[in-house]
Amino acid sequence: MMVKYFSQYSLVNTVDDDNEKLSGDAARFGAEPRPESRTLRLWLTHGILVCTSVLFFTLWMRTPSTYLHNDIPSIYSPANIAIEPVIVRFNGTLNFPSIYRGPPSPEIDAAWNRVSRNVAPSRMTREEMLKAGTTDLLSKVRYPDKIGGGYMASLESAHQLHCVNLLRKASWLEYYEPTDISFQNTPEIVRLHLDHCIEMIRQNIMCNADVTMITWYWVQGHAVSYPNFNTRHRCRNYEKIMDWSVEHAIHIDESEVTRFEDTVDLPKHQRVTS
């Protein structure tokens, strides 16, 4: 629409300029401009402006849209259908009360378990695996044919939250170390697990680099300025994604998940502790 308005404005100005120029030439030579010449100029001007408008419109259509770029995942997932954008104002206040923070308690553990690990894996078909770019299917864990086959899969978001939760627990080690299975291994394995989680979170933050601007303020009673972390963000509705995960969860006894005869083991150096 902006191009159209610009074109209309330009057309009026161009016609006026042409009229002034023609009037000046006519006065100079003492004759009126020929009607054919004026019509030709108008058609040429109109044609140039139409072509220019089409060109600008084409360039505008080909410009990558931030809205679409953020909304259309580049990697296929059957859970893409559950993506629902929402506007959320983060609360970055230092003492903000949250069910996810504070001294360890059964209530806080339940809140974290709900969003990070209490959902069973789901299923991906062979076609979905190939659509997602996966080719090493023989190394994947497959469900028994009696329950429909397919490949075991879980959401990356749940794993990322598991990693954040592990770091939270590590900050309250005196509470979790005696009972939590994550800390019942050798110190070397526990350290490896923590470093793995830090690295996964680092990669995810850099992959989804948030360009929301944090503004700074002068605060009464303080000599230095402070950032305001209570910013609005365009997020994905996590509850809806969790609903999808629960709906598509495959509940099966661990003993029923066995190797197929044609299974090819993944090389040991590619295995990641999680």
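**A walk through the predicted model**

At 29% relative accessibility, Glu84 counts as partly exposed; buried stands for under 20% relative accessible area, exposed for over 50%, and partly exposed for the range in between, with a 1.4 Å probe and protein chains only. The model is predicted, so local features need pLDDT of at least 70 and side-chain atom pairs count only at pLDDT 80 or more, while totals for chains, interfaces and linings use all residues. Residues are numbered from 1 along each chain as its sequence is written, and side-chain values use heavy atoms, with hydrogens and water left out.

Glu84 forms a salt bridge with Lys240, and the closest N and O atoms are 3.5 Å apart. A salt bridge here is a side-chain nitrogen of Lys or Arg within 4 Å of a carboxyl oxygen of Asp or Glu. Glu84 lies in the loop between helix 3 (66–71) and strand 1 (85–89), and Lys240 in helix 9 (residues 238–247), so the pair ties together parts that are 156 residues apart in sequence. Lys240 is partly exposed, with a relative accessible area of 34%.

By this rule the count comes to 10 salt bridges. One of them joins the side chains of Lys146 and Glu256, at 3.0 Å from N to O. Lys146 sits in the loop between helix 5 (126–131) and strand 3 (151–153) and Glu256 in the segment after helix 9, so this pair ties together parts that are 110 residues apart in sequence. Lys146 is exposed, at 67% relative accessible area, whereas Glu256 is partly exposed, at 29%. In another salt bridge, the side chains of Arg202 and Glu199 meet at 2.2 Å, N to O. Arg202 and Glu199 are three residues apart in helix 8, which means that about one helical turn separates them.

The protein has nine helices and six strands. Helices (H or I, at least four residues) and strands (E, at least two) are DSSP runs, numbered from the N terminus. Helix 6 (residues 156–170) has 15 residues and reaches 21 Å from its first C-alpha to its last, close to the 21 Å expected at 1.5 Å a residue; the expected span is 1.5 Å times one less than the number of residues.

The buried residues of helix 6 pack against helix 4 (106–116), helix 7 (173–176) and helix 8 (187–207). Lys169 is in helix 6 and is buried, with a relative accessible area of 8%. Leaving aside neighbours within four places in sequence, Lys169 is in contact (heavy atoms within 4.5 Å) with Tyr176, Asp180 and Phe183.

Not counting residues up to four places away in sequence, Trp172 touches Gly102, Pro103 and Pro104. The C-alpha atoms of Trp172 and Gly102 are separated by 9.9 Å, although the two are 70 residues apart along the chain.

The mean pLDDT, the predictor's confidence in each residue from 0 to 100, is 80 for the protein, and 71% of its residues reach 70 or more. Among the elements, helix 1 (residues 2–29) has the lowest mean pLDDT (37) and helix 7 the highest (98). Over residues 1–33 pLDDT stays under 50, and the model has 18 contacts beyond four places in sequence for them. Residues 57–68 also have pLDDT below 50, with one contact in the model beyond near neighbours in sequence. Where pLDDT is low, the predicted coordinates should not be read in detail.
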